[in-house]
Amino acid sequence: MQTEILSPTPEHIAVAAAALRQGQLVAMPTETVYGLAGNGLDEQAVASIFAAKERPRFDPLILHLPAGVTLEELQGWLVDVSAFTPAARAWLGSLIDTFWPGPLTLVLPKCPIVPDLVSSGLPTVALRVPAHPVAQALLQAVQTPLAAPSANRFGRISPTSAQAVAAELGGRIPYILDGGACAVGLESTVLKLSPEGIPTLLRPGGIPLETLEAHLGLPIQLAPEQAPGVPEAPGRLSSHYAPGKPLWLLPTAFVQLQPGDWQQIQHLATGHSHLGILSFATDPQALLGHLSRHWPGVLFSVECLGSDPNAAARALFASLRRLDEGDATLLLAEPPPISTGLGYAMMDRLRRASSLWNPPLLWPS
Ligand code: TXA
Ligand code: MG
């Protein structure tokens with residue numbers, strides 16, 4: 001199959017919407033990452049999403065909805081919150097009013113119209129209203145909820161540009177709508193709300209956990225880490241978002257490494273003469289000088305994300321992808337300088353991206 005990258009003109013949106021109505025798949029930009037969209041109420045289309053991504057069927061999808069949708073419209077159609085306490089319903093309404101459109105996904109009890117394949121047999125469904133104008137134009141044109149996981153092959157780095165989608169899924173889908181680089185760069189925050197109004201964080205993401213806690217005025221519990229097999233939120237699988245070559249997550253930034261850490265890392269990296277570096281430093285030249293002084297004779301490809309969490313999140317996946325596609329044979333990532341907000345979400349992604357590879361010595365338990 002030929003994959004066409006389309007500019008988001010009204011004509012192309014109509015072409016994409018027609019393809020979706022016929023059960024085909026379209027990659028669409030959202031403000032978080034690109035999504036692989038299909039008609040979320042058409043079991044065949046949903047099945048082809050799993051096939052194109054090589055995604056195991058235990059990993060449920062998010063349904064994307066048009067801006068302006070209300071809880072009243074959703075109730076009895078896609079979700080059933082009739083068992084929610086009045087307080088839980090009020091919280092839900094206020095989360096919707098405040099954070100939609102935007103990078104917040106809500107997990108709620110589902111109605112029978114939602115195919116079991118979408119929810120992987122769970123009694124709940126994940127819903128989100130994307131803020132990207134192209135995603136919204138497509139949703140308006142197609143007039144059906146769109147199931148859309150991140151448009152990468154399963155377990156790999158999420159795409160934040162049309163070109164990254166083409167690298168992941170080219171030849172497998174007919175169209176990619178090109179909406180430019182994603183503004184947030186990390187997937188949505190996934191929050192489950194129980195009928196009693198107890199919120200659980202299933203995946204940190206574009207809306208900081210602290211923002212949600214401040215809004216609700218109560219602490220949000222973290223979902224336990226899931227064993228592979230029957231995860232409630234497979235974004236929580238220990239390996240995810242992974243490059244194709246080894247990635248190690250360092251215990252601190254390079255400038256804070258102690259002599260013993262340097263020795264250990266250099267010993268473990270013996271045999272690698274070209275390293276890819278993912279850093280939160282602000283000055284690439286200074287970092288390169290520091291690295292060359294401590295590690296002579298080695299070639300470095302450096303990606304500096306900088307210290308601003310919003311800019312770093314926006315660039316994270318694209319930088320990781322560049323390092324993965326480059327000539328380095330081993331990638332080393334610094335931890336984000338801030339452990340709250342988007343720093344927490346970036347740390348989550350880096351832990352999962354490196355989990356197959358981290359030498360145990362770097363993370364003494
Ligand atoms: O920002 C995003 O959320 C992007 C864009 C394209 O919208 N989409 C995305 O989809 O990241 P995906 O499929 O890569 O991740 C969906 C996450 C998974 O971690 C999945 O386990 C969780 O949402 N999820 C979906 N339905 C669920 C459910 N019923 N219960 C618990 N978790 C669910
Ligand atoms: Mg994903």
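Student: How many bridges join β13 to β15?
Tutor: This is a predicted model, in which local features need pLDDT of at least 70, side-chain atom pairs count only at pLDDT 80 or more, and totals for chains, interfaces and linings use all residues. Residues are numbered from 1 along each chain as its sequence is written. Strand β13 (residues 274–279) is joined to β15 by 4 bridges, and the two run parallel. Strands are DSSP runs of E with at least two residues, numbered from the N terminus, as are helices (H or I, at least four residues); two strands pair if DSSP finds at least two bridges between them.
Student: Which residues of β15 stand opposite G276 and I277?
Tutor: G276 faces L331, and I277 has L332 as its bridge partner.
Student: Are the β15 side chains buried or exposed?
Tutor: L330 and L332 point one way, L331 and A333 the other, and all are buried, that is, under 20% relative accessible area with a 1.4 Å probe, protein chains only.
Student: What is the strand order of that sheet?
Tutor: The open sheet has 4 strands in the order β12-β15-β13-β14, with parallel pairing. β12 and β14 (299–304) each have a single partner strand, so one side of each lacks a neighbour in the sheet.
Student: Changing topic, where does H64 pair?
Tutor: H64 stands opposite R128 in β6. Strand β4 (residues 62–64) pairs with β6 (residues 124–128) in the parallel sense over 3 bridges.
Student: And how many strands has the open sheet with mixed pairing?
Tutor: That sheet has 11 strands, in the order β1-β8-β2-β3-β7-β4-β6-β5-β9-β10-β11.

Notes:
Chains are lettered from A and ligands numbered from 1 in the order in which they are written. Side-chain values use heavy atoms; hydrogens and water are left out. Buried means under 20% relative accessible area, exposed over 50%, partly exposed in between (1.4 Å probe, protein chains only).
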